[in-house]
Amino acid sequence: MNGKFQVITDTAALCLYDLASLKHRVEDTSDWWSIAEDELAEVNAGNCLFLNLGEDGQYEVQWSLDESVKEVETELLYHFRVPSGTVYVGAADDVTGGELEPDDSCGGMLLQLEPGNYACRITKEDNQISIAMKPSLQSENNLSDLIRI
């Protein structure tokens, strides 16, 4: 399973998460994740992955569900939980918060995955982002800083 889409971000960030994993943030402010400690706490808990891109703009995102994804010395795998199977991949501008959740009008993608845990390898070259996912036993991360790609 794979696909490709275009996304525009005004927050220089993308996010990837199961909608059920951030239900507790619906009533929070829409920019709750702009507080670095809150963002890192959710990423380490495996509730979402925020991908800080370094600049606003239009990006082409290529995603795949690939059983052969492995950790390479120069690349990290990031983990997240998928309790419901409905996963949003798109601009962090549209993350759950402010009493809103992303939908098909946001410009990202709503993927249907089997519930469970996933590992992701994420790479970026210019405005091309690649997200390769595979099922994983691990659901949490142990990062000391935000994800910057």
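Predicted model: local features only at pLDDT ≥ 70, side-chain atom pairs only at ≥ 80, totals over all residues.
Residues are numbered from 1 along each chain as its sequence is written, and side-chain values use heavy atoms, with hydrogens and water left out.

**Overall packing**

- Along the principal axes, the C-alpha atoms fill a box of roughly 40 × 30 × 30 Å.
- Buried residues make up 46% of the 149 in the chain (buried is under 20% relative accessible area, exposed over 50%, partly exposed in between, with a 1.4 Å probe and protein chains only).
- Among contacts with a separation of 6 or more, 79% link residues 24 or more positions apart (contact means heavy atoms within 4.5 Å).

- Five strands make an open sheet in the order 1-4-9-8-5, with mixed pairing (two strands pair if DSSP finds at least two bridges between them).
- Strand 1 (2-9) and strand 5 (77-82) sit at the edges with a single partner strand each, so one side of each has no neighbour in the sheet.
- On average, neighbouring strands here are turned by 30° against each other, direction ignored (axes are lines fitted to C-alpha atoms, for helices over the stretch in contact, and angles run from 0 to 180 degrees between N-to-C directions).
- Strand 8 (residues 116-125) and strand 9 (residues 128-136) run antiparallel, joined by nine bridges; Lys 124 has Ile 129 of strand 9 as its bridge partner.

**The nonpolar core**

- The largest nonpolar core holds 41 residues, and those with the most contacts inside it are Leu 16, Leu 49, Phe 50, Phe 80, Ile 131 and Met 133 (such a core is a set of buried Ala, Val, Leu, Ile, Met, Phe, Trp, Tyr and Cys residues joined through side-chain atoms within 4.5 Å).
- Strand 2 (residues 13-18) supplies the largest share of this core, five residues.
- Leu 16 touches, among others, Leu 49, Phe 80, Ile 131 and Met 133.

**Helix 1 and what follows**

- Glu 39, Leu 40, Glu 42, Val 43 and Asn 44 are buried in helix 1 (residues 36-44), and their cover includes strand 3 (49-52) and strand 5.

- Asn 141 lies in the segment after strand 9 and counts as buried at 10% relative accessibility.
- A polar side-chain atom of Asn 141 is 2.8 Å from the backbone oxygen of Val 43, and the Asn 141 side chain also reaches the backbone oxygen of His 79 at 2.8 Å.
- The residues Asn 141 touches include Gly 46, Leu 49 and Tyr 78.
- Tyr 78 belongs to strand 5 and is buried, at 9% relative accessible area.
- Contacts of Tyr 78 include Tyr 118, Cys 120, Asn 141 and Ile 147.
- Tyr 78 and Gly 46 are 32 residues apart in sequence, with their C-alpha atoms 8.6 Å apart.

Terms used. Helix = DSSP H or I, 4+ residues; strand = E, 2+ residues; numbered from the N terminus. Polar contact = N/O pair within 3.5 Å; in protein donor to acceptor, adjacent residues only side chain to side chain. Lists of a residue's contacts leave out its neighbours within four places in sequence.
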